[in-house]
Amino acid sequence: MVNLTPNDLSYGKALAIVDLTDVFPTENLFIQNRYIEQKFGDFSPGRYAWKLENIRQIKEPILIHGRQGLFDVPEVNYLALKDGFFIA
């Protein structure tokens, strides 16, 4: 079992670049390890889950002003993503 808590997360930073490939209502989800997943999110009815693919971890997290939902990342943050910036 994973022994992480929400306090172990790094806040205010981008940790990876991903492709968002689908969105599902939480009512339609089957969560295999519900205990761990529920520690890190709200899966109550009326909410949505994202399917992420092509996840690329960033070597050094980038400071970014996050917010709920989908949003465009400012161009200045893209400049930090130069060659060799991802973990293979």
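Helices (H or I, at least four residues) and strands (E, at least two) are DSSP runs, numbered from the N terminus. By that rule, L20 sits in strand β1. This is a predicted model: local features need pLDDT of at least 70, side-chain atom pairs count only at pLDDT 80 or more, and totals for chains, interfaces and linings use all residues. Residues are numbered from 1 along each chain as its sequence is written, and side-chain values use heavy atoms, with hydrogens and water left out.

**Confidence**

- pLDDT is the predictor's confidence in each residue, from 0 to 100.
- The chain averages 76 on this scale, and 68% of the residues score at least 70.
- Among the elements, β1 has the highest mean pLDDT (87) and helix α2 (residues 75-79) the lowest (60).
- Where pLDDT is low, the predicted coordinates should not be read in detail.

**Fold and surface**

- The chain holds 2 helices and 2 strands. Along the sequence they run β-α-β-α.
- Buried residues (under 20% relative accessible area; exposed is over 50%, partly exposed in between; 1.4 Å probe, protein chains only) make up 11% of the 88 residues.
- Accessible areas come from the Shrake-Rupley method with a 1.4 Å probe; for residues, only the protein chains shown count as cover.
- Contact means heavy atoms within 4.5 Å. Of the contacts between residues at least 6 apart in sequence, 71% join residues at least 24 apart.

**Nonpolar patch**

- V18, L20, V23, Y48, W50, L52, I55 and L70 make a nonpolar surface patch of about 780 Å².
- Strands β1 (13-25) and β2 are the elements that give two or more residues to this patch. The largest share, 4 residues, comes from β2.
- Patches take residues with over 30% relative accessible area and no salt bridge; like charges are joined within 9 Å, nonpolar side chains (Val, Leu, Ile, Met, Phe, Trp, Tyr) within 5 Å.
- L20 counts as partly exposed because its relative accessibility is 37%.

**Salt bridges**

- Side chains of opposite charge can pair when their charged atoms come close. A salt bridge here is a side-chain nitrogen of Lys or Arg within 4 Å of a carboxyl oxygen of Asp or Glu.
- The structure holds 2 salt bridges.
- One joins R56 and D19, with the closest N and O atoms 3.7 Å apart. This pair links distant parts of the chain: R56 lies in strand β2 and D19 in strand β1, 37 residues apart.
- R56 is partly exposed, at 25% relative accessible area. D19 is also partly exposed, at 32%.
- The other salt bridge pairs E53 with K51, the closest N and O atoms being 3.3 Å apart.
- E53 has 35% relative accessibility, so it counts as partly exposed. K51, at 36%, is partly exposed as well.

**Loop positions**

- S44 lies in the loop between α1 (34-39) and β2 (48-63). Its relative accessibility is 30%, so S44 counts as partly exposed.
- The C-alpha atoms of S44 and T26 are 6.6 Å apart, while the two residues are 18 apart along the chain.
- I64 occupies the loop between β2 and α2. I64 is buried because its relative accessible area is 18%.
- I64 and G12 are 52 residues apart in sequence, yet 5.7 Å apart in space, C-alpha to C-alpha.
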